Amino acid sequence: MTQQDYKFEGWLGKDKSSAEGNMVWGEFPKVKPFEETDVDIQITHCGICGSDLHTLRSGWGPTPYPCCVGHEIVGKAVRVGKKVEKGIKVGDRVGVGAQNSSCLKPDCEECSAGLENHCQHAVNTFADQYPDGSYSYGGYADYHRCPSHFVMKIPDAIPSEAAAPLLCGGITLYSPLKNNGCGPGKKVGIIGVGGLGHFGVMFAKALGADKVVGISRRHDKKEDVLKMGADEYIATDDDKDWASHHARSLDLIVCTVSSPKMPLMDYLQLLRVKGTFIQVGAPEDKLPDMTAFAFIAKGVKFGGSMIGPPWQIEEMLKFVAEKNIKPWIQTYDMKDANKAIVDMDAGKARYRISLVNKKHL
């Protein structure tokens, strides 16, 4: 297949109202020119992430419309440059997560340390600009172009509809858990058991944590979360005095909540002495106010985490395959992407949505 055999088309958001189910199908105007380090992917599946909605409505800042969102992409490699990495060949099943590029220069402190996701010159998979002025377009589409360093081979054991959400949602939880010592001897809490948090519960259990606690607002998810592997469940709206009752019970907390109204000071009560709180949810405005004594009194750490570098995504995919982890996935036809994002925004996902591009199956 040559470049002339296909067009880069997808669901375009043209203004803030696109987040309300008003994306329109169209051709991408400024696609990155193909280089010999690139891979073109014929998209079969794309996960829906909260980032898609934030971007469509310019929630994190002005979006360069028209944009095509979707950064959990799985499909078939149909064009492979002569200088690609990782032995990727035409016909391979591959995926791309939330990052498309970084500088990869030897003198870049982040890239040379395997921290490409923190490179100052990183390019996001959608709504971002390459140094040459072209734009990145995401996976609610037929085709995607990506530098091969950020393209992953998908293990045979993982179905495509499950592999796609792992590439952003999965690594967003795997990385902070792995980087902060989740495993035997640790008691771990996951705040916000939705599309992100459900990965956290399953990963923490599979990593061997002594205890895994799912934390959400209401009791309606309790049965599901226990089935995912949690040992305990806290409903912050329904359980009276939950913060004091569970005080000093957790070594590590990963918080996926993106609300300025979350009870952050109460969450911090749950940490044991020298515990660690990692924030991965990103509110569109700000985090709730905190006092210094929430940290000083117990010597706890407050940190953040953002996706993960390519090597760690590959490590996670191997881990999921070996442990036979089964994310909870719903599928929608790619042609129904507008309905899917509306349902996602309404909290109907249980617990992650993958769009299926049926014409490419």
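Over residues 36-156, what percentage of the chain is helix, what percentage is strand, and how far apart are the end C-alpha atoms?

Reply: The chain over residues 36-156 is 9% helix and 33% strand. The end C-alpha atoms of that span are 26 Å apart. Helices (H or I, at least four residues) and strands (E, at least two) are DSSP runs, numbered from the N terminus.

First, the ground rules. This is a predicted model, in which local features need pLDDT of at least 70 and side-chain atom pairs count only at pLDDT 80 or more, while totals for chains, interfaces and linings use all residues. Residues are numbered from 1 along each chain as its sequence is written, and side-chain values use heavy atoms, with hydrogens and water left out.

Residues 36-156 carry the UniProt annotation "domain: Alcohol dehydrogenase-like N-terminal", from an unreviewed entry. UniProt positions follow the numbering used here, feature names are shortened, and annotations may be inferred rather than shown by experiment.

Now look at Thr125. Thr125 sits in the loop between β7 (123-124) and β8 (128-129). Thr125 is buried, with a relative accessible area of 0%. Buried means under 20% relative accessible area, exposed over 50%, and partly exposed in between (1.4 Å probe, protein chains only). Leaving out residues up to four places away in sequence, Thr125 touches Gly70, His71, Ile73, Val96, Gly97, Ala98, Gln99, Asn100, Ser136, Tyr137, Gly138 and His144. Touching here is contact: heavy atoms within 4.5 Å.

Tyr137, one of those neighbours, also takes part in a ring pair. Phe28 and Tyr137 form a stacked aromatic pair, 4.6 Å centre to centre and with 10° between the planes. Phe28 lies in the loop between β2 (24-27) and β3 (38-48), and Tyr137 in the loop between β9 (135-136) and β10 (143-147), so the pair ties together parts that are 109 residues apart in sequence. Both Phe28 and Tyr137 are buried. Rings of Phe, Tyr and Trp (its six-membered ring) pair if their centres lie within 6.5 Å; planes under 30 degrees apart are stacked, over 60 edge-to-face, the rest tilted. The structure holds 13 such aromatic pairs.

Charges meet rings too. The charged end of Arg79 sits over the ring of Phe34, 3.7 Å from its centre. The charged end of Lys32 sits over the ring of Tyr130, 5.6 Å from its centre. The test is NZ of Lys or CZ of Arg within 6 Å of the ring centre and within 35 degrees of the ring normal.

Next, the other annotated span. The unreviewed UniProt entry places "domain: Alcohol dehydrogenase-like C-terminal" on residues 195-321. This span is 34% helix and 23% strand, and its end C-alpha atoms lie 19 Å apart. Take helix α4 (residues 197-206), where 8 of 10 residues are buried. Among the buried residues of α4 are Phe199, Val201, Met202 and Phe203. Their cover includes α3 (160-179), β12 (187-191), β13 (211-216), α5 (222-228), α9 (310-323) and β19 (352-356). Ring pairs link Tyr174, Phe199, Phe203 and Phe319 into a cluster. After α4 comes Gly208, with a positive phi near 95°.

Finally, the whole chain. The protein has 10 helices and 19 strands. Its C-alpha trace spans about 65 × 45 × 35 Å along the principal axes. Of the 361 residues, 56% count as buried. Of the contacts with a separation of 6 or more, 71% come from residues 24 or more positions apart.
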